[in-house]
Protein chains: 2
Amino acid sequence: MVIQTTKQCACRWVLQHQHKLKQVARSCHLKVKEALGVDDIRDYDSEYSFKYTDLSTTLAEPSQLRMKPDVADLKFGHIFTDHMLKIFYHKALGGWQKPEIIPFENISLHPAAKVLHYAIELFEGMKAYRGVDGRIRVFRPDLNMQRMNLSAKGSGLPTFDGMELIKTINKLLTIDQEWVPHSEASSLYIRPTLIGIDGTLGVSQSESALLYTILCPVGAYFSGGNESVSLLADPSYTRAWPGGCGDRKMGSNYGPTIRVQKQATSQGKQQVLWLYGDDHQLTEVGTMNIFAFYVAENGKKVLATPPLNGLILPGVTRHSILQLAQEWNEFEVVERILTMQDVIKMQKENRLLELFGSGTACIVSPIHSVDYMGTEIPIPTMEHAKPVFRRILDRLTAIQYGHVEHPWAHIIDQE
Amino acid sequence: MVIQTTKQCACRWVLQHQHKLKQVARSCHLKVKEALGVDDIRDYDSEYSFKYTDLSTTLAEPSQLRMKPDVADLKFGHIFTDHMLKIFYHKALGGWQKPEIIPFENISLHPAAKVLHYAIELFEGMKAYRGVDGRIRVFRPDLNMQRMNLSAKGSGLPTFDGMELIKTINKLLTIDQEWVPHSEASSLYIRPTLIGIDGTLGVSQSESALLYTILCPVGAYFSGGNESVSLLADPSYTRAWPGGCGDRKMGSNYGPTIRVQKQATSQGKQQVLWLYGDDHQLTEVGTMNIFAFYVAENGKKVLATPPLNGLILPGVTRHSILQLAQEWNEFEVVERILTMQDVIKMQKENRLLELFGSGTACIVSPIHSVDYMGTEIPIPTMEHAKPVFRRILDRLTAIQYGHVEHPWAHIIDQE
């Protein structure tokens, strides 16, 4: 009878919590794929992807070529290269069309295009680096392709074979290779974008889409180790929610953050620390993942970041940092919920060592203070002789700029 | 001492709950404006709005004019009129530029335009009706302008004087007046849209914007009273949450719903019933507000809709239904939280009379069943001789098509 009762309880529990279990199952999708290895699982739905071998190329006329900027005064996202990649999808024409590389140009859209009304759109961010050997490396593009297909599924947009897009982007990089800065303080940012372009009003799946990629040379987000940031942590704003899309790189996650970022800026803070739930869990910082390095109550050092529970973007840099730190095997590396009370307690007890964001644009971004409920919490991230964030930065940039050979750096064929 | 303690408790309570109070305060903004009357409050931030008197008009050449469709087979959002309205905003050029009416054409956007990456976009939906007297009426456009400015603030986009946009849209309607169907089964849908067009990557406020308006003749979403819909209510998906933007008509509220709508369709349901919270509160249905008409436990009839608590779009039709029903004064009219348990209990006790959606596109949309946690709950909306939804529909269409004169119907000057 005892067993019977327990079984009934378990069944009831499962029934009562089935929607939460479903939420968790969905958000665990990427985690499972990570654990199994990326290449073992097909990210795209259909047999039909566009193919690199169908690529057509139209080079810019000499008169269309632009001046390359001085890398010293590069502003993020303001200057673009001479060419772009476009791939149309039209369901009525059998799906994906042939990829085209063309001179950089404006995009012409029907005023009713779904992207302009219903945010049927997603993007990726990756970088190409000019290595010390002169060769161009792209950092883990396979992970971006995997995530892009997850975002596409979340948006009802068509999926594709990520390897075909990597090959096509590599060709674009080869054509615009002189735009990859000859400097270790900068790189060429790659922005693959997928938008729904059906010229029909009504919230429904877009039967036409445009996948395009543009490139822009960017400076170092972070140089010299002194540019730490201050955060506004205001629990009255929420970035993502269970049952939403916070774990996909969809445009809809960004528009609503503008007004909150404005508020942070007006209070003299650089970034927003996004909290979630009644216990004020740390989730992300600005458009980055967040890491804490601290001494646990048992005296052991720990590097922690929030788990991929559906509220967190599965960052490529985040994933790489976890892998690196696990390989180092010098401190504990965990994915765990961190609340503001945890941060306050550790800070009071002098156990909080570092807090930093991670992302493709900045790699790592150290944090020196958090403004929470009217109180300024100082974070001693910049006060250590050999901080962990700096060690991570050094290791990742060594891989990216070819100081060490590493499988994460994909060398492109520049011929 | 007792007073002292109570005060301390109150202070602590306020401190502990200040973020929730802020959330409520923000979402009450529109409610307060509604209560005070729309015209008493300025919706826009700056002295500088575009002006109707600056409007320039370029008419389409005869060769550019399109065939008007047969109103009998109009599909929503597929056919557009001959002209459109465009108003650019460039901060660097002093803000709003002069409004232009031009032949309908594609929009040319920089590939890095913020709307395409970060969903910096919002829209409105209104309708122009051809009255029985041949005159064209627009339904409560002042409320749409008010909401559009709230959405703009939520997106970091520029605000404007709503009356100036109404006058400018009226001119567009006058030019394309023959597109307003001569039929009481159809109307001309008006889609004002505001997008961030800065050609720079990086999640930040757009310093350039485009406000445009397109028009499309549409058939009746709902005719004959027989087209009731079935709903999928799956608590594992969430449309909006506290501290988010669910109460603004921003594109970001729509993209993430596509995959859920797909799931509803694949299960043979027409629409999604959006739930929120552990108690599974009804919030919206598809892209509509939701109403329940029921017999309360005290035997009195009640018309109820969820309150504007930040999760609910402040619908113009919703607001009008509440006002109409209050004027009728024949049953109780309340804004209250309705949970799925409330629905199930009322349905079991034969007290639930009707469930229907409301919105500009359909006006009202009766619901005949809800699929919730694997159980089909039949709703007797269509089983009454004189349902409330039908009475509301008749009254609103009488106002819209000029069967009665009413201040909600703005007659436009067709000269």
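## A walk through a two-chain model

At 31% relative accessibility, Ile411(A) counts as partly exposed, because values between 20% and 50% fall in that class. The structure you are looking at is a predicted model, so please read every value here as computed from it.

Let us stay with Ile411(A) for a moment. This residue belongs to strand 20 of chain A, which covers residues 409–411. Which residues does Ile411(A) touch, leaving out those up to four places away in sequence? They are Arg135(A), Ile136(A), Arg137(A) and Glu405(A). Ile107(A) is 304 residues from Ile411(A) along the chain, and 30 Å separates the C-alpha atoms of the two.

Now for the two chains together. Chain B is superposed on chain A by a rotation of 180 degrees, with a shift of 0.0 Å along the axis and an RMSD of 0.0 Å. The two copies are thus related as by a two-fold rotation axis. The copies meet through the same surface, because 99% of the interface residues of chain B are also interface residues in chain A.

Is Ser252(B) buried or exposed? Ser252(B) is buried, with a relative accessible area of 7%. Setting aside neighbours within four places in sequence, Ser252(B) is in contact with Ala119(A), Ser252(A) and Pro256(A).

Just after helix 5 of chain B comes Gly268(B), with a positive phi of about 80 degrees.

Next, a helix pair in each chain. The table sets out the packing.

| Helix pair | Angle | Distance between axes |
|---|---|---|
| Helix 4 (residues 141–155) and helix 5 (residues 162–175) of chain A | about 125 degrees | 9 Å |
| Helix 3 (residues 141–155) and helix 4 (residues 162–175) of chain B | about 125 degrees | 9 Å |

In chain A, that angle makes helix 4 oblique to helix 5, and their crossing is right-handed. On the helix 4 side of chain A, the contact involves Pro141(A), Asp142(A), Met145(A), Met148(A) and Asn149(A), which meet Gly162(A), Leu165(A) and Ile166(A) in helix 5 of chain A. The residues of this contact divide into five nonpolar, two polar and one charged.

In chain B, helix 3 and helix 4 are therefore oblique to each other, and helix 3 passes helix 4 in a right-handed crossing. Here Pro141(B), Asp142(B), Met145(B), Met148(B) and Asn149(B) of helix 3 of chain B meet Gly162(B), Leu165(B) and Ile166(B) of helix 4 of chain B. By class, the residues of the chain B contact are five nonpolar, two polar and one charged.

With 0% relative accessibility, Ser151(B) counts as buried. What does Ser151(B) touch, not counting residues up to four places away in sequence? Its partners are Leu122(B), Arg248(B), Lys249(B) and Met250(B).

Terms used: Residues are numbered from 1 along each chain as its sequence is written. Chains are lettered from A and ligands numbered from 1 in the order in which they are written. This is a predicted model: local features need pLDDT of at least 70, side-chain atom pairs count only at pLDDT 80 or more; totals for chains, interfaces and linings use all residues. Side-chain values use heavy atoms; hydrogens and water are left out. Copies are superposed by least squares on the C-alpha atoms of residues with pLDDT of at least 70 in both. Contact means heavy atoms within 4.5 Å. Helices (H or I, at least four residues) and strands (E, at least two) are DSSP runs, numbered from the N terminus. Axes are lines fitted to C-alpha atoms, for helices over the stretch in contact, and angles run from 0 to 180 degrees between N-to-C directions. Angles under 35 degrees count as roughly parallel, over 145 as roughly antiparallel, 65 to 115 as roughly perpendicular and the rest as oblique. A crossing is left-handed if the near helix is turned anticlockwise from the far one by less than a right angle, and right-handed if clockwise. Ala, Val, Leu, Ile, Met, Phe, Trp, Tyr, Cys and Pro count as nonpolar, Asp, Glu, Lys and Arg as charged, and the others, Gly among them, as polar. Buried means under 20% relative accessible area, exposed over 50%, partly exposed in between (1.4 Å probe, protein chains only).
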